[in-house]
Amino acid sequence: MNPSHRSQFVMPSLLLACIASFSLSACGGSKNPAAPATAPKPPVFALKWGSEGSGDGQFQTPTGVVVDGSGNVYVADQLNNRIQTFTSMGTYVTQWGTPGTGNGQFNSPHFVALDGSGNVYVTEFGNDRVQKFTSTGTYLTQWGASGTGEGQFSHPAGVAVDGSGNVYVADGLNRRIQKFTDTGTFLTQWGVAGTSNGQFVSPTGVAVDASGNVYVADGSNNRIQEFSSAGTYLRQWGATGTAFGQFSNPVGVAVDASGNVYVTDSNNNRIQKF
């Protein structure tokens, strides 16, 4: 048979094989895009440190934790009334804080945040204030007092800092978010007690994404609410329950560089990612 005639029979046969198998790979193309993706592998345990106590590297009810750009870890060691810092491998570096109401002292430090310069912001349940330190624990400033007025707090919880250095505080029992400059000058606030859009029952965790949008874990309302940097309500998600996307007392919230949102779903004993 003439070679040119032979190719006329071979090519249709190959095409039929491709169609019959529903696969372009047989024809030298890409794999079927409808094929199921490989499930991601679960995280692998890497390291742990700490034990109950008051010594270096020991804890009494650690709560807030944050990591800087170099991998150093800052922990609010609540009942020891101090901040401890560690390397990314858990090696103890330093600590600061003693019980009290003076500068650099604590009464139940609860959440901790970092700004772009590495300064550390700590909210205190007991002293109803925010304190600011250098990355090595040198006291810089503080603001807040017990009350309901602008710049006052009732059990402040989550704290976050945006790219411009503005500081957002979840003012827990006042059911609001307050926004300040990095030196504590009051800028704005939003929220009242309730269950409607923009209202709160127990705001705890707060986080800010790269666009300046603010995410609040509204614990007893079992939802996450999202706002603009000026406090304009944008959206919410969540309901009471155990199914995917439902919550039982969400407490902490964080946002990664890609905009994914992570929530500590406290009473469901899990982390959810959105």
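In the predicted model, strand S5 and strand S6 (residues 120-124) run antiparallel and are joined by five bridges; helices (H or I, at least four residues) and strands (E, at least two) are DSSP runs numbered from the N terminus, and two strands pair if DSSP finds at least two bridges between them. Residues are numbered from 1 along each chain as its sequence is written. Because the model is predicted, local features need pLDDT of at least 70 and side-chain atom pairs count only at pLDDT 80 or more, whereas totals for chains, interfaces and linings use all residues, and side-chain values use heavy atoms, with hydrogens and water left out.

Strand S5 (residues 109-114) is mostly covered, with six of its six residues buried; buried denotes under 20% relative accessible area, exposed over 50%, and partly exposed the range in between (1.4 Å probe, protein chains only). S5 and S6 belong to an open sheet of four strands in the order S5-S6-S7-S8, with antiparallel pairing. S5 and S8 are the edge strands of this sheet, each pairing on one side only. On average, neighbouring strands of the sheet are turned by 20 degrees against each other, direction ignored; axes are lines fitted to C-alpha atoms, for helices over the stretch in contact, and angles run from 0 to 180 degrees between N-to-C directions. Strand S7 (residues 129-133) runs antiparallel to S8 and is joined to S8 by four bridges. Lysine 132 there has threonine 141 of S8 opposite.

A further open sheet of four strands has the order S13-S14-S15-S16, and its pairing is antiparallel. Strand S13 (203-208) and strand S16 (233-237) each have a single partner strand and stand at the edges, so one side of each is left without a neighbour in the sheet. The twist from one strand to the next averages 20 degrees. Within this sheet, strand S14 (residues 214-218) pairs with strand S15 (residues 223-227) in the antiparallel sense over five bridges. Aspartate 218 has arginine 223 in S15 as its bridge partner. The side chains of these two residues, arginine 223 and aspartate 218, also meet in a salt bridge of 3.0 Å, N to O, a salt bridge being a side-chain nitrogen of Lys or Arg within 4 Å of a carboxyl oxygen of Asp or Glu. Arginine 223 and aspartate 218 are buried.

Side chains of opposite charge can pair when their charged atoms come close. By the rule stated above, the count comes to six salt bridges. One of them joins the side chains of arginine 82 and aspartate 77 at 2.7 Å, N to O, and both arginine 82 and aspartate 77 are buried. Another links arginine 270 and aspartate 265 at 2.8 Å, N to O. Aspartate 265 lies in strand S18 (residues 261-265) and counts as buried because its relative accessibility is 0%. Arginine 270, by contrast, has a relative accessible area of 22% and is therefore partly exposed. The side chain of aspartate 265 also makes a polar contact of 3.2 Å with the side chain of glutamine 272; a polar contact is a pair of N or O atoms within 3.5 Å, and within protein one must be able to donate a hydrogen and the other to accept it, residues adjacent in sequence counting only if both atoms are side-chain atoms. Apart from neighbours within four places in sequence, aspartate 265 is in contact with Gln246, Phe247, Ser248, Asn249, Pro250, Arg270 and Gln272, where contact means heavy atoms within 4.5 Å.

Glutamate 150 is placed in the loop between strand S8 (139-143) and strand S9 (156-161). With a relative accessible area of 57%, glutamate 150 is exposed. Beyond four places in sequence, glutamate 150 is in contact with Gln178, Phe186 and Gln189. The C-alpha atoms of glutamate 150 and lysine 179 are separated by 9.8 Å, the two residues being 29 residues apart along the chain.

Overall, the chain has one helix and 19 strands. Of its 274 residues, 42% are buried. Among contacts between residues at least 6 apart in sequence, 37% join residues at least 24 apart. The mean pLDDT, the predictor's confidence in each residue from 0 to 100, is 88 for the chain, and 85% of residues reach 70 or more. Over residues 1-35, pLDDT stays under 50, and the model has 12 contacts beyond four places in sequence for this stretch.
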